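Hello,

Here is the structure I promised to pass on. Please have a look at it, and below you will find what turned up.

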Amino acid sequence: MKNVFIGLLIIAAGAGVYFFLIRKEKTKPGSEGFRKEWITGQWKMSVPEPVTDSATLNVRWDFKENGLALYAADTVKTDTLHYAWKKEQSILITTRPGDNTGREFQIIQLTADSMQWKENGGQAVQLLKVK
């Protein structure tokens, strides 16, 4: 009886270690292959078909390697902003470089040609790379 109990205890410990290692190897959803340099380039908002608001249709971002982020909601005016990686999967967009107050966006998914992000408590927004 003692040997059976010890055997079951060893099997349970082995299963626990196995599941711990498997869970550790899995990545967060959307972060598989996540590379921060993919954010550089021009992006446009992907809007579902029924939306007809022209201000929403022309939203564009241009992320530069040096931390500049150009934002345009129309073709006439472009705002120059700055971005910095705050955490592993979030960026802080500010009006001045080095500023700690601004809008924080969580990057849900980032690939070479698409990005999905959301602001705290907001709805997820899909952006597509302009080619």
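Tyrosine 83 is buried, at 10% relative accessible area, where buried means under 20%, exposed over 50% and partly exposed in between, with a 1.4 Å probe and protein chains only. Please keep in mind that this is a predicted model, in which local features need pLDDT of at least 70, side-chain atom pairs count only at pLDDT 80 or more, and totals for chains, interfaces and linings use all residues. Residues are numbered from 1 along each chain as its sequence is written, and side-chain values use heavy atoms, with hydrogens and water left out.

On to the rings. The structure holds six aromatic pairs; rings of Phe, Tyr and Trp (its six-membered ring) pair if their centres lie within 6.5 Å, and planes under 30 degrees apart count as stacked, over 60 as edge-to-face and the rest as tilted. Phenylalanine 63 and tyrosine 83 are edge-to-face, because their ring centres are 5.1 Å apart and their planes stand at 85 degrees. This pair links distant parts of the chain, 20 residues apart: phenylalanine 63 sits in strand E2 (residues 60–63) and tyrosine 83 in strand E4 (residues 79–87). Strands (E, at least two residues) and helices (H or I, at least four) are DSSP runs, numbered from the N terminus. Phenylalanine 63 is buried too, with a relative accessible area of 1%.

Phenylalanine 105 and tryptophan 117 make a stacked pair, 4.3 Å centre to centre with 20 degrees between the planes. Phenylalanine 105 is in strand E6 and tryptophan 117 in strand E7, so their pair ties together parts that are twelve residues apart in sequence. Both are buried: phenylalanine 105 has 7% relative accessibility and tryptophan 117 has a relative accessible area of 4%. Ring pairs link Trp61, Phe63, Tyr71, Tyr83, Phe105 and Trp117 into a cluster.

Leucine 110 stands opposite methionine 115 in E7, and a hairpin of three residues joins E6 to E7. E7 also runs antiparallel to strand E8 (residues 125–129), joined by four bridges, with tryptophan 117 opposite valine 125 in E8. Five residues lie between E7 and E8 in their hairpin, and glycine 121 in that turn has a positive phi of about 75 degrees.

Finally, leucine 9 in helix H1 (residues 2–25) is exposed, with a relative accessible area of 51%.

Best wishes

Methods
Two strands pair if DSSP finds at least two bridges between them.
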